Amino acid sequence: MSADEQYESVPAGYTGAVYVCPMHPRVRRTQPGSCPICGMGLELASAAMAEEEPNPELADFTRRFWIGAVLTVPLLVLAMGPFLGLGGARAALGERDALWIELVLGTPVVLWCGLPFLARGWTSFRTLKLNMFSLIAMGVIAAWLYSVVAVLVPGIFPDGFRDAEGHVGVYFEAAAVIVTLVLLGQLMELRARQGTGKAIRALLDMAAKAALVIRDNGREEEVPLDEVRLGDRLRVRPGDKVPVDGLVVNGRSFVDESMITGEPVPVEKTPGDSLTGATVNGSGSLIMEATRVGADTVLNQIVAMVEAAQRSRAPIQQYADRVAGLFVPAVILIAACSFIVWAIWGPAPPLSYALIAAVAVLIIACPCALGLATPMSIMTATGRGAQIGVLIKNAEALERFETVDTLIVDKTGTLTEGNPRLVAVLPAAGHDAVTVLKLAATLEKGSEHPLAKAIVQGAEDREVALAASTDFEAVTGKGVKGTVDGQTVMIGNLKLVQDLGLDLEALTATADSRRDGGETVMFVMLDGQFAGLVSVADPVKDSTPGALKALHQLGFRIIMATGDSERTAKAVAAHVGIDDVRAGLLPEDKARLISELQAAGSKVAMAGDGVNDAPALAQADVGIAMGTGADVAIESAGITLVKGNLDGIVRARRLARATMRNIRQNLFLALAYNASGVPVAAGLLYPFFGILVSPMFAAFAMTASSISVVLNSLRLRSLRV
């Protein structure tokens with residue numbers, strides 16, 4: 001049996017949910033649980049298979065956390081009260097009874113609440129894949145066993161470890177606090193993992209639920225989407241979602257493709273044009289032929305890309321994991337050496353001293369402050385982020401965002417407002433701007449096109465009174481025409497002007513200069529003669545230029561990736577100061593661009609707001625969603641900006657840097673205590689000063705270390721970004 005087959009337990013032909021380890025993809029199971037190699041929780045291979053019901057692992061950990069918290073709080077008060085001026089309860093109970101109460105409160109926290117971590121720790125030792133769970137299991141079990149023996153048979157301890165009444169200090173509160181804090185961290189991770197499936201379900205919900213199939217006899221029949229076959233002829237009614245990918249056979253309409261392209265302007269569709277499933281039909285009726293169904297549709301390919309990107313990343317491994325592989329074996333080695341040295345050269349009874357020294361080393365390495373170091377900083381940073389409009393999905397996003405060097409931004413809705421507006425009316429000689437706008441807006445009242453709506457809205461904003469129009473007609477691919485106040489009016493693009501045989505060489509230069517400014521220009525003709533230009537644009541957000549300047553100062557290379565035309569994209573980029581432009585991109589192109597940059601060694605963040613951005617947001621090292629955007633974009637991202645402005649990225653970057661700096665400080669405080677305490681616990685100072693570690697002193701030092709970590713983390717609450 002191969003190594004891969006050893007961990008593969010999915011029967012052939014199985015079609016249900018499959019769970020995999022994000023660190024070891026060869027581990028595949030039909031039930032949730034822990035990875036047999038590293039002990040990490042298994043994730044769904046396909047988030048689309050996730051049920052709406054609560055994750056059983058999340059429910060289990062939530063229950064364990066609350067029970068652990070309820071038992072740990074009084075245990076902590078009872079144990080630490082004397083050091084904090086709250087020793088009344090312990091004094092009233094008496095030391096012996098207080099120790100028994102600590103045992104009763106702490107034991108279920110360690111053995112039941114902490115059981116998943118003990119199991120993962122055992123797995124890590126068995127497979128020699130040492131991690132944070134190795135350290136937790138080792139420290140918690142050592143502290144608990146030591147404390148149980150201290151309560152039951154205190155007489156076996158040397159005199160230096162007992163107080164005047166013969167009692168030995170215990171570590172129940174340290175073990176319980178560690179378990180409860182680690183449970184809290186796991187709950188945060190599980191909730192983040194549960195959210196990844198929401199992005200997939202949000203995408204799948206965008207698809208049409210049924211299709212209207214036209215049978216050979218002309219009868220129309222509504223069927224479920226999975227019954228549509230290649231070559232089927234389908235009717236798409238006004239306002240309906242396009243059911244699958246295909247080609248227009250008959251009809252004409254404008255289709256909103258913003259979920260694919262990200263652009264707010266619907267695209268005109270005529271016979272022979274392609275249609276994409278889940279896009280929204282306008283007011284016209286279409287007959288289409290299905291050319292791609294099922295998993296081959298663009299929407300399902302987007303789903304597959306989001307799944308692959310999310311599955312390719314492991315949950316955050318805390319900085320403590322990175323040192324655990326070295327710290328754990330070092331602690332075990334020191335404990336073993338101290339046992340041997342004390343057993344050979346220690347005072348009588350040597351084996352008793354040897355055992356106490358070895359256990360003391362394991363206990364003092366117990367990661368109480370280490371367990372606080374990352375969660376406290378993350379929780380404080382998350383709260384501070386919410387205050388400044390930066391919503392952080394998980395700790396991984398903050399850790400990764402600190403090192404990002406390339407930022408990819410979408411144009412529409414990210415740099416711009418995503419809402420076309422009339423920006424200019426340029427009349428020809430002999431005409432005035434009000435007349436030109438009146439003619440254009442009156443005619444465009446009959447159009448469903450968003451650019452037409454922008455012209456009409458612009459006329460209303462300028463209080464231009466509109467007239468009545470008749471004989472309205474759309475000229476496919478060119479514009480519209482009709483009669484206004486008895487005069488023939490036409491408005492459209494350069495093709496429409498050329499059909500009239502007009503010489504517009506000078507006007508073309510004017511139009512091109514407007515286009516170079518990122519505007520869409522339309523020509524207005526009155527009775528076959530040029531009357532003027534109207535220009536519509538999607539305005540750049542006021543905050544964009546300043547935010548981009550600040551992002552450059554923070555070390556970002558900025559790339560615009562958009563589905564818009566190259567000319568418009570470059571115009572906007574030149575205006576706001578973008579380093580590079582990639583235009584005319586589809587969703588898979590954006591994700592592919594990010595993959596190429598990552599392969600070249602870049603750390604990439606993607607900022608976007610549309611469904612079309614979801615694969616790229618998931619593929620990026622950090623996805624940043626504009627809060628004004630689509631739900632699926634927000635679910636795919638690690639960071640969401642409430643106001644949807646780029647200056648939120650500036651705040652997020654500064655918050656990420658401050659948070660990771662704070663975590664490193666916390667880890668130093670925690671590890672410095674452990675590193676300095678271990679040799680003292682091993683008895684290094686005994687030959688010179690006769691000093692052995694007192695359990696009560698160690699407990700106090702551990703508490704002081706934890707308090708220093710908490711206070712340092714709370715400094716993030718006043719962070720100015």
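Visitor: Which residues have the most contacts inside the largest nonpolar core?

Guide: A nonpolar core is a set of buried Ala, Val, Leu, Ile, Met, Phe, Trp, Tyr and Cys residues joined through side-chain atoms within 4.5 Å, where buried means under 20% relative accessible area with a 1.4 Å probe and protein chains only. Here the largest has 48 residues, and those with the most contacts inside it are Phe401, Leu407, Val409, Ile578, Ile624, Ile639 and Ile649; its largest share, 9 residues, comes from helix H24 (residues 647–681). A second, separate core of 38 residues includes Cys113, Leu118, Phe172 and Leu183. The model is predicted, and side-chain atom pairs count only at pLDDT 80 or more, while local features need at least 70 and totals for chains, interfaces and linings use all residues. Residues are numbered from 1 along each chain as its sequence is written, and side-chain values use heavy atoms, leaving out hydrogens and water.

Visitor: Is serine 338 buried or exposed?

Guide: Serine 338 counts as buried because its relative accessibility is 6%. Contact means heavy atoms within 4.5 Å, and, leaving aside neighbours within four places in sequence, serine 338 is in contact with Ala357, Ala358, Val361 and Ala682.

Visitor: At what angle do the axes of helices H4 and H5 cross?

Guide: Axes are lines fitted to C-alpha atoms over the stretch in contact, with angles running from 0 to 180 degrees between N-to-C directions. The axes of H4 (residues 95–113) and H5 (residues 115–127) come within 5 Å and cross at roughly 55°.

Key:
Buried means under 20% relative accessible area, exposed over 50%, partly exposed in between (1.4 Å probe, protein chains only). Helices (H or I, at least four residues) and strands (E, at least two) are DSSP runs, numbered from the N terminus.
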